[in-house]
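Visitor: Hello! I am new here, so please take me closely through one part of what is shown, starting at the surface.

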Amino acid sequence: MRKLRVGLVGTGMIGKLHADAIGRIPGIELVAITESNKDLLEAQKNYFRVNAYSDYKEMIAAENLDVLHNCTPNVFHYEINKYALENGIHVYSEKPLAITVEQGEELTQLAKAKGLANGVNFNYRNNAMVQDMRVRMQKKDAGRCLLIHGHYVQDWLMYDTDFNWRLETKDGGESRALADIGSHWFDTVQTITGKKVESVYAHNFIAHPIRKKVSGDKTEDFKVETEDGGLIIFRLEDGTQGSLVVSQVSAGYKNQLLVSVDCEKYSMRWNQEQSDRLVIGTRENGLAEIFASADVLDPSVSRYATLPSGHPVGWADAFANGFKEFYRSIFNGDYKNEVTYSNFENATYIMKVVEACLKSSKIGAWVDVE
Ligand SMILES: NC(=O)c1ccc[n+]([C@@H]2O[C@H](COP(=O)([O-])OP(=O)(O)OC[C@H]3O[C@@H](n4cnc5c(N)ncnc54)[C@H](O)[C@@H]3O)[C@@H](O)[C@H]2O)c1
C-alpha cells in the first residue's frame, strides 16, 4: 500500500515538532519541506533528509502531495491553505486558521466544496485527560456544571525587550494573546463541555505599550497594538458561566493552560504542564489525582493514553494524537462526517470568539459570538 505523501511549510518552532509527529504516524511520509529562511532551509534539509524548497508553490507543483501541513506565521495561513485545497491537497493547518473570520469562512467552504480533509492544530484537546473530562461531561457523571474557570498564562513576552513576529499586526493579525493562546483554552473548554461559547465580556490589556525592537545593530521603539492578555467572563450556549485569564507577561508561568470544571458532585482540574493527571475535587476528600493510563479511561478514549500505566504521557504525545485522529479520518474516508479534531469550521468559530473578545473589550459590554 502506498504511503501518503506529506509536505510541510514553515520549519520553525512548531514546524519541526510537526515533522517529529509525522514520523510517529504509520502510513504517511514526510517527502518535502518549504522554508523561506535560507539558512534554516539548508539546516532542515540536512536534518530531515527530504526535498527542500523556498517556495511552497514549487513544492506543490513537484511533489504530488496528498497532505500539506502549514506551520508558517499566521498571515500566510490563508493563502497557503487556499492554494493547497485548490490543488486537491488535504490540509492540516496551524492555528489560527486565518487572519479574518471572512477568510476562515471562505476556507471552510472551499474545503467542503473540494471534499478534502481540513484540520487545525488545536492540540490540547488531544490530551488523554481532556478526553476523559469530555466523556465524564457527556455521561453527566459529575452532575450539572456550576462554573468553569481557568487561565492560559506564559512569561515569554514579559520584558519590554521581548519581541516576536506575533507583535506585528501585519504578521500576527489584530489579536495576539487571545488568538495565540486564548483560542486554545476556548477550544479545550468547548471540547470538554460539547458546548459553544455564546457570549463574552472581555477586558484586554497591553502591559508594554512601547517595546524595544532590535533590527541589526539598531534598537527602535515599537508601538504595541495587540493585547498582552485579557480578563474574560463568558457564557456557554447552555448558560454555563465561566472566566478566563490570558497573559503572556506572567513571570514564571511558562505555558500554563489550566481549566477547572466545577460540577455538582465534584470538580475536575487539568493543568497542561502536568498533562498526565486530572485533579478531582470533592467536599468530603479534598483533591485527588488520577493518572492517565488506558485502564482508567473510558474505552472510547483509551487510545489517547498511548503509554503503559506509570509512563507519563505529555505534550508531544497529545500533539501526535491529533495527527493520528486526522490521518485516521483520511484513511477511513470519514473526514466529511463529524471529526474528533478541530476542522476548519470549528477553527472559524474560535476566531469568532476571539473577535467577539476584541469587540467587547473595545466597547465595554457583553458581545454575542455570531
Ligand atoms: N499548536 C500549537 O501549540 C502552536 C505552538 C506554536 C506555534 N503555533 C503556530 O504555528 C505557527 C508558526 O509559529 P512558530 O512559533 O513555529 O513560528 P516560527 O517563527 O518559529 O516559525 C515560522 C517559520 O515559517 C517560516 N516561514 C515564514 N513564511 C514562510 C513562507 N511563506 N513559506 C515558508 N516558510 C515560511 C519562517 O522562516 C519560520 O522558520 C503560528 O501560526 C503559530 O500560531 C502553534
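Predicted model: local features only at pLDDT ≥ 70, side-chain atom pairs only at ≥ 80, totals over all residues.

Visitor: Which residues make the nonpolar surface patch of about 270 Å²?

Guide: Tyr201, Ile233 and Trp366 make that patch. Residues are numbered from 1 along each chain as its sequence is written, and side-chain values use heavy atoms, leaving out hydrogens and water.

A patch takes residues with over 30% relative accessible area and no salt bridge, joining nonpolar side chains (Val, Leu, Ile, Met, Phe, Trp, Tyr) within 5 Å and like charges within 9 Å. Areas come from the Shrake-Rupley method with a 1.4 Å probe, and for residues only the protein chains shown count as cover. Buried means under 20% relative accessible area, exposed over 50%, and partly exposed in between (1.4 Å probe, protein chains only).

Let us look at one member of the patch. Ile233 sits in strand E11, residues 229-236; helices (H or I, at least four residues) and strands (E, at least two) are DSSP runs, numbered from the N terminus. With a relative accessible area of 39%, Ile233 is partly exposed.

Asp228 forms a salt bridge with Arg211, their closest N and O atoms being 2.9 Å apart. A salt bridge here is a side-chain nitrogen of Lys or Arg within 4 Å of a carboxyl oxygen of Asp or Glu. Asp228 lies in the loop between strand E10 (218-223) and E11, and Arg211 lies in strand E9 (residues 210-215), so the pair ties together parts that are 17 residues apart in sequence. Asp228 counts as buried at 0% relative accessibility, and Arg211 is buried at 0% as well. A search of the whole structure finds 23 salt bridges.

Glu198, Glu237, Asp238, Asp368 and Glu370 form a negative surface patch. In this count Asp and Glu are negative and Lys and Arg positive, with His and the chain ends not counted; a charge is placed at NZ of Lys, CZ of Arg, CG of Asp or CD of Glu. Glu370, one of the members, is found in the segment after strand E18 (367-368). It is exposed, with a relative accessible area of 76%.
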